[in-house]
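Hello,

Here is the structure I promised to pass on. Please open it first, then read my notes below.

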Amino acid sequence: MPPNPMETSPLNPSLPGVRLLRSWIREQLPLSIAVMGQEPIEGRLIWQDPEFLAIERAGTSRPVLINRRQISVIRSLG
C-alpha cells in the first residue's frame, strides 16, 4: 500500500533541525521565516508539529501557522 501523502511522520528529536528549533522555542529567540511566494514572517516560534510552525508576531494576540512545506529558510534574529 503506498503512503498516504496527507499523513505526516512524527517529529524525530534526534534530528539536528528539530533540536535547534526546540532550543529557539526555549530561548524565545526572534526568527525570520522565508515562505515561498510571500514576504518573510518575523516573530517568536512558540511551537512546532510535523505539519506547522506557530509564530507569535509582535503586537498580535494569535499565532500565525506556517506550513513546513512552504518554508525555504529559517534564521535567528537574536
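Confidence first. This is a predicted model. Among the elements of the chain, helix α1 (residues 16-27) has the lowest mean pLDDT, at 94. Strand β3 (residues 52-56) has the highest, at 97. The average pLDDT over the chain is 90. A score of at least 70 is reached by 90% of the residues. Where pLDDT is low, the predicted coordinates should not be read in detail.

Now the layout. The chain holds one helix and five strands. Read from the N terminus, the order of elements is α-β-β-β-β-β.

The strands make an open sheet. Across the sheet the order is β4-β3-β2-β1-β5, and the pairing is antiparallel. β4 (64-67) and β5 (71-76) stand at the edges. Each has a single partner strand, so one side of each is left without a neighbour in the sheet. On average, neighbouring strands are turned by 45 degrees against each other, direction ignored.

Look at one pair in detail. β3 and β4 are joined by four bridges, in the antiparallel sense. Ala54 stands opposite Leu65 in β4.

Where does α1 pack? It packs on the sheet and touches β1, β2, β3 and β5. The direction of α1 makes about 105 degrees with that of β2.

Which residues form the largest nonpolar core? There are 12: Leu21, Trp24, Leu29, Leu31, Ile33, Val35, Ile41, Leu45, Leu53, Ile55, Ile66 and Ile71. At least two residues of this core come from each of α1, β1 (30-35), β2 (41-48) and β3. β1 gives the largest share, three residues.

Leave aside its neighbours within four places in sequence, and Leu31 is in contact with Trp24, Ile41, Glu42, Gly43, Leu45, Ile74, Arg75, Ser76 and Leu77. Trp24, Ile41 and Leu45 also belong to the core listed above.

Last, some totals for the chain. There are 78 residues, and 24% of them count as buried. The chain exposes about 5600 Å². Carbon and sulfur atoms supply 55% of that area. Of the contacts with a separation of 6 or more, 39% are between residues 24 or more positions apart.

For a quick tour, begin with the sheet and its order β4-β3-β2-β1-β5. Then turn to α1, which packs on the sheet. Finish at Leu31 and its contacts, including Trp24 and Leu77.

Best wishes

Key. Residues are numbered from 1 along each chain as its sequence is written. This is a predicted model: local features need pLDDT of at least 70, side-chain atom pairs count only at pLDDT 80 or more; totals for chains, interfaces and linings use all residues. Side-chain values use heavy atoms; hydrogens and water are left out. pLDDT is the predictor's confidence in each residue, from 0 to 100. A nonpolar core is a set of buried Ala, Val, Leu, Ile, Met, Phe, Trp, Tyr and Cys residues joined through side-chain atoms within 4.5 Å. Buried means under 20% relative accessible area, exposed over 50%, partly exposed in between (1.4 Å probe, protein chains only). Contact means heavy atoms within 4.5 Å. Two strands pair if DSSP finds at least two bridges between them. Axes are lines fitted to C-alpha atoms, for helices over the stretch in contact, and angles run from 0 to 180 degrees between N-to-C directions. Accessible areas come from the Shrake-Rupley method with a 1.4 Å probe; for residues, only the protein chains shown count as cover.
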